[in-house]
Amino acid sequence: MEREIINYYKAYDEDGRLFRNNSHKIEWLTSMHYLKKFIKEGAFLLDGCAGTGNYAFPLADSGYEVVAGDMVPGNIDIIRGKQKNNPVLKDIYVGNMLDLSRFYDESFDAVLCMGAFYHVDDEIRNAVSYLKRSGDIRRQREDSNGEYKICTGRR
């Protein structure tokens with residue numbers, strides 16, 4: 001499945017996805033509003049499905065400490081290019097959200113699984129072990145009506 005996802009994003013404009021029309025812009029604005037509302041200022045975040053950094057960079061610019069990762073090397077290349085112009089991310093890596101062994105347990109105040117992670121609901125429990133004891137997990141998923149929901153959890 002990983003190879004299929006990587007190949008899909010080779011021909012997809014992930015960087016422009018959240019800004020291509022008003023419904024996507026509303027999705028981004030709503031997500032940012034609730035992320036900032038529920039995640040304490042200055043928190044240490046893992047954006048494990050960071051895509052091209054459309055959440056990671058604005059959150060880092062807002063004072064959060066952000067580590068950004070994605071399984072698609074081309075997306076990470078775009079993040080690294082943005083980081084050169086705006087060096088605000090704490091770390092950037094290519095990796096699968098289902099394998100977070102590079103991190104210690106309880107490393108993050110919050111783990112973001114926005115968009116790309118909705119198709120692996122059963123594996124979301126893996127991300128929870130990397131949260132601090134009072135940490136939050138936020139993920140975005142599309143429901144059966146095609147509406148996006150922010151789902152929350154607490155360790």
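Of the 155 residues in the protein chain, 46% are buried, where buried means under 20% relative accessible area, exposed means over 50%, and partly exposed is anything in between (1.4 Å probe, protein chains only). Keep in mind that this is a predicted model, in which local features need pLDDT of at least 70, side-chain atom pairs count only at pLDDT 80 or more, and totals for chains, interfaces and linings use all residues. Residues are numbered from 1 along each chain as its sequence is written, and side-chain values use heavy atoms, with hydrogens and water left out.

Now for the layout. The chain has six helices and six strands, which are DSSP runs numbered from the N terminus (helices: H or I, at least four residues; strands: E, at least two).

Let's head inside. A nonpolar core is a set of buried Ala, Val, Leu, Ile, Met, Phe, Trp, Tyr and Cys residues joined through side-chain atoms within 4.5 Å. The largest one here has 23 residues, and Leu59 and Leu89 have the most contacts inside it. Helix H4 (56-61) is among the elements that each supply at least two residues of this core, and H4 gives the most, with four. Look at Leu59: beyond its neighbours within four places in sequence, its contacts (heavy atoms within 4.5 Å) include Met32, Leu35, Tyr64 and Leu112. There's also a second, separate core of ten residues, including Cys49 and Phe108.

Next, which residues of H5 are buried? They are Asn75, Ile76, Ile79 and Gln83. These four sit on the same side of H5, because they cover an arc of only 95° around the axis, going by the directions from the helix axis to the C-beta atoms. Here's the background: an α-helix has 3.6 residues a turn, so residues three or four places apart point the same way. The face of H5 turned away from the buried side carries the exposed residues Asp77, Lys84 and Asn85. Among the elements covering the buried residues are helix H1 (2-10), H4 and strand S3 (91-94).

Finally, the rings. The structure holds eight aromatic pairs; rings of Phe, Tyr and Trp (its six-membered ring) pair if their centres lie within 6.5 Å, with planes under 30 degrees apart counting as stacked, over 60 as edge-to-face and the rest as tilted. Tyr8 and Tyr12 are stacked, because their ring centres are 5.2 Å apart and their planes are at 25°. Tyr8 is partly exposed at 48% relative accessibility, and Tyr12 is partly exposed at 24%. Elsewhere, Phe44, Tyr93, Phe103 and Phe108 form one aromatic cluster.
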